[in-house]
Structures are given as C-alpha cells and as structure tokens.
Amino acid sequence: MIKRFIIYGLIISLFLGLAIVLYRELYLKPQFLTTPLENHVVPAFKLNDLFTSEKVRTIQDLPAKISVINIWGTWCNACQIEHPVLMDIAAEKKVMLYGFNYKDDPEAAKKWLNNYGNPYQWVVRINGEAAIEWGIYGAPETYLLDPHHVIRYRYVGVLTSDVWKKLFVPKIHQLEAAAK
Amino acid sequence: MIKKMISLFSFTLYIIFCSTIWAANIAQDEYVFNDAQQQQRFYHLLGELRCLVCQNQNLADSQSDVAQDLRQLIYKKISAGETDKAILNYLQERYGDFILYRPPLNARTLLLWIAPLLFLLIGASILLRLIRR
C-alpha cells in the first residue's frame, strides 16, 4: 500500500515537474541572447567613421566613462521605433551614445541621421565580419560599457523608454556607485 | 495497428527526405576549397552550428544575412588552416553555447544529458516489476 503510494507520488511529481518546465519554456525567449562577452573588455576594433570615412575609430575614441554602443541600420524597422528613445537619452546627457551602423548603405545612414537627428557622439560603419567579433547577430542591439570599456550588459531588440528605465538605468546607477 | 505503423514509417521517410533537401539547399560552388577534406569539414561544421536569427535552422540551411556572414567566416578560417575546435571555440566565445547544436556537458546541462538514461532506468524498473508479477 505504502509502496504504491510512493510509486504514484513519484510518477505524479515527475509529470508535474515536466509540466512546469515545459510551461516555463513557452514564455522563454531564447532568441534574445545574453552575450558571453559580458564582463569582458570590448573586442579591439578599427572601424571607419560614417561621416569622414578616412577617419578610423578605435577603443581610444571611447572615453573612460560609462557609455552606450547602439547597433543600428536604416534597413532595420525596429531601429526607427527606438530612434526617438535614443534622442531622449542623448538629450539627458548622462551617458554618451556611440553608433555602430551595421551592414548599411552609408548614404542612407547619413540621410537618416540628418532627418531624424543624430544622438551619437560618433558613428562608425561595421560590416558582417567585424560584427561577429562582437557577437552581434542583428539590429538593434545595445551595449552598456563601464569606464574601463568592460561590457556590463547587452540588450537585443527595441530599446524602449521602459527597457531603458528598468534595465539600463539601475545598472548605470550601480556602475556610478562602484566608480566612487 | 499495421496501418498506423505504415503511416508512421512513411512520415519518417518524409522527414528524412525533407532533411536531405535542406542540406542540399546552399549553392555548392559558392565555396571552393583546396581539398575535399576541407570541404567536408566545412559542411560538417555548418550542420553543427545554429543560425542565431532563424533559431531552428542550422547554418547550412539558413539564408539570413548573419548566417551568410558566419558561413563566409568559417570558410575563411578553414581555408587558413584553423582546426574545427578553434573555430567552434571562437564562435562559442562570442555567441555562447546557444550557437552549438550539441550542448557541452557542464553543470547547467548535466540533467539534460543524463535525463535519457534516467528515463530509461525508470521505464526498465516499471517493466521489470510488471513482468515479475
């Protein structure tokens, strides 16, 4: 009798366990990857400036401050949605934004920034191969760097003001507190 | 019963048939190698790697932009004489375990790896019990 109880208990708990795991799985979004480069210094880069293409930007062009790198392209519809949010962040002047124009036509990119405003301190062009070095796999993506150029966070998808407030701002406060 | 088995069998055949079509999907002459072994390694690696955009496709099937870039990079690295392990490591360091279709055995994936064995043991013990009765 007790034995039977144990067996049924085991089977039911196995079923429940599987059910819970699979139910959770329904709402996971594995396509939004966290980056293994988190807590690593950014990869070395040598990328040409969008506006003055003979100028090469490297890690030296990132000041020793908390900064945000945004991956975007004019071909990316979601980037259009997040652009006003980037403009707001730039207007606050708390952190500096830098743009990686990903697999794009430079003329279209310049036109875009002239039309919608330029939230970035500087913008460089990045091709597919250089982007792999960063683990980039689409646009938009947004990286948060600490003053030592260590990647502290990477967000994949549209940067809404909600995402900014809930995910980025607390991390920025933490970094600021740590720097003091 | 037999009808059911036949339909299951034909379904399996259909799946196998489809997968061969997928594997043949990318243009063969797009990538030229020095020797057949390199070419074989190239296609083997593409099958081992997940396209990050389209999720349930491997790099050989996917026509997404990123998959094309990754194919190009793997082609370059193989032609430059890099080993499979070095290439897989390089990609894993940048995209995580997610890019590998074969998850590595570590603390996080231990349950995943031993689960089949666990289920087999449970099934076998139930079966044994039933037979003994």
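Reader: Where does His149(A) lie?

Author: His149(A) is found in the loop between S6 and strand S7 (151–156) of chain A. Helices (H or I, at least four residues) and strands (E, at least two) are DSSP runs, numbered from the N terminus. The model is predicted: local features need pLDDT of at least 70, side-chain atom pairs count only at pLDDT 80 or more, and totals for chains, interfaces and linings use all residues. Residues are numbered from 1 along each chain as its sequence is written, chains are lettered from A and ligands numbered from 1 in the order in which they are written, and side-chain values use heavy atoms, without hydrogens and water.

Reader: What phi does His149(A) have, and is the residue buried or exposed?

Author: Most residues other than glycine have a negative phi. His149(A), although not a glycine, has a positive phi of about 65 degrees. Its relative accessible area is 13%, so His149(A) is buried (under 20%; exposed is over 50%, partly exposed in between; 1.4 Å probe, protein chains only).

Reader: Which peptide bond is cis?

Author: Most peptide bonds are trans. The bond from Ala139(A) to Pro140(A) is cis, with omega near 0 degrees. Pro140(A) belongs to the loop between H4 and strand S6 (141–145) of chain A.

Reader: How many residues has the largest nonpolar core?

Author: A nonpolar core joins buried Ala, Val, Leu, Ile, Met, Phe, Trp, Tyr and Cys residues through side-chain atoms within 4.5 Å. The largest has 47 residues, and Ile69(A), Ile136(A) and Leu70(B) are among those with the most contacts inside it. Helix H3 (residues 65–79) of chain B gives the most to this core, with seven residues. A second, separate core of 25 residues includes Trp72(A) and Trp164(A).

Reader: How many salt bridges are counted between chain A and chain B?

Author: The count is four, a salt bridge being a side-chain nitrogen of Lys or Arg within 4 Å of a carboxyl oxygen of Asp or Glu. Lys76(B) and Glu129(A) meet through their side chains in a salt bridge, at 2.8 Å from N to O. H1 and helix H4 (128–133) of chain A each supply at least two residues of the side of chain A that touches chain B. H4(A) gives the most to that side, with five residues.
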